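Visitor: I would like to learn how to read strands and surface patches in a model like this one.
Guide: Let us look at the structure and take a few features in turn.

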Amino acid sequence: MATIHDVIPPFQLFQPTTLDDAADLVREHGDEAWIMAGGMDSFDWLKDRTKRTEAVIDLSQVEELRGIREVEGGLEIGAMTTLTDVAEHPLVRDRFGVLAQAAALVASPQIRHQGTLGGNISQDTRCAYYRRGWTCYRAGGNICYADTPTAINREHAILGASRCVAVSPSDTAPALVALDAQMVIRRGGRERVVEAEDYFVGPDRDIRHMTALEPGDLLTTIRIPATWAGARFYFEKVRDREVWDFPLVNVASAIRENGGRITQARVVVGAVAARPLRLHDVEEALAGEMVTDESLVRAGELAIQGARALRYNEYKIPLMRNLVKRAVRGGPAGTTA
């Protein structure tokens, strides 16, 4: 196990003030660059010396990466926009309440004032073995310490595991997938756009990373189309403590109805796999259905198909099933636009 030093090793610090300069620095330093947004996760990694870098690129002075703008009925949110600003912005609350609800439940008020939307969706996993420096698969080793007979794995995956059972810790990620958001990624002077569902990756695709970002890439903007504006939204997060904690399971949904029947649905769960999982089978089963006890039971059962419990996280299976049922039904815990 790595020793906790609580001393940050030396590195070069760059503080660009324009997006062009930031993109050039990120491309120049490639996989040697540590891109720092709010710094909430970065300082833990660096002071514990479980990760090292030669160059930290601090984005806090790049005003072009902040702010929320209305575009054709949808929104463009700068990656450096704080979680507090996202949670409290009138347009987010009025049109895309599921994202406002999710952002408002991240950690504590102090962290939300500093932490950013881009940082929240791009953070690394919280697996204790990995973060303490154990040489697991995700760290380049040849074992998953959390998936052994004596492992402590209460917070780990029940779906989508492939050697690694770590989970995505983000609260805003499921909401963005439910809203069909897009991530704008810049490399030097070029941009590419990635669907939110494809931005997050599982260990079967890349066991060392949790997003589609590659060395030299910079996440600049989160785009939310008008598609789901004003839908019936729901977000719920289950955690051990009411503040600070990461989710044990969370769920986000967006539902449109006509004449009492569901015409479209998005249902996404988080903290059960390495990436937020959109439940396509649940969505297809709900199409054309009324919200009844029977349809809710079916949705819950479809949600947990293929789930595999580890030694200490069997509770996640019924918890996920019930959260999906509540997300479809709607109620006080969710946000309705």
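**A hairpin, a covered strand and a patch**

Guide: In this predicted model, the hairpin of β4 and β5 has 2 residues between the strands, and Glu72 takes a positive phi near 50 degrees there.

Visitor: In which sense do β4 and β5 pair, and over how many bridges?
Guide: Strand β4, residues 68-71, pairs with β5 in the antiparallel sense over 4 bridges. Within this pairing, Ile68 stands opposite Ile77 of β5.

Visitor: How should I read the two sides of a strand?
Guide: In a regular strand, side chains alternate between the two faces of the sheet. For β5, Gly74, Glu76 and Gly78 lie on one side, with Leu75 and Ile77 on the other.

Visitor: Are the faces of β5 covered or open?
Guide: Both are covered, as the residues on either side are all buried.

Visitor: Which residues form a nonpolar patch on the surface?
Guide: Ile8, Phe11, Leu13 and Phe43 do, with about 340 Å² of accessible area together.

Visitor: Where is Ile8 placed, and what is its relative accessible area?
Guide: Ile8 lies in the segment before β1, which covers 12-14. Its relative accessible area is 34%. Buried means under 20% and exposed over 50%, so a residue in between counts as partly exposed, and Ile8 is such a case.

Terms used:
Residues numbered from 1 in each chain as written. Predicted model: local features only at pLDDT ≥ 70, side-chain atom pairs only at ≥ 80, totals over all residues. Heavy atoms only, no water. Patch = residues over 30% accessible without salt bridge, like charges linked within 9 Å, V, L, I, M, F, W, Y side chains within 5 Å. Areas by Shrake-Rupley, 256 points an atom, 1.4 Å probe, with all protein chains shown as cover. Salt bridge = Lys/Arg side-chain N within 4 Å of Asp/Glu carboxyl O. Buried < 20%, exposed > 50% of the residue type's maximum accessible area, 1.4 Å probe, protein only. Pairing = 2+ DSSP bridges.
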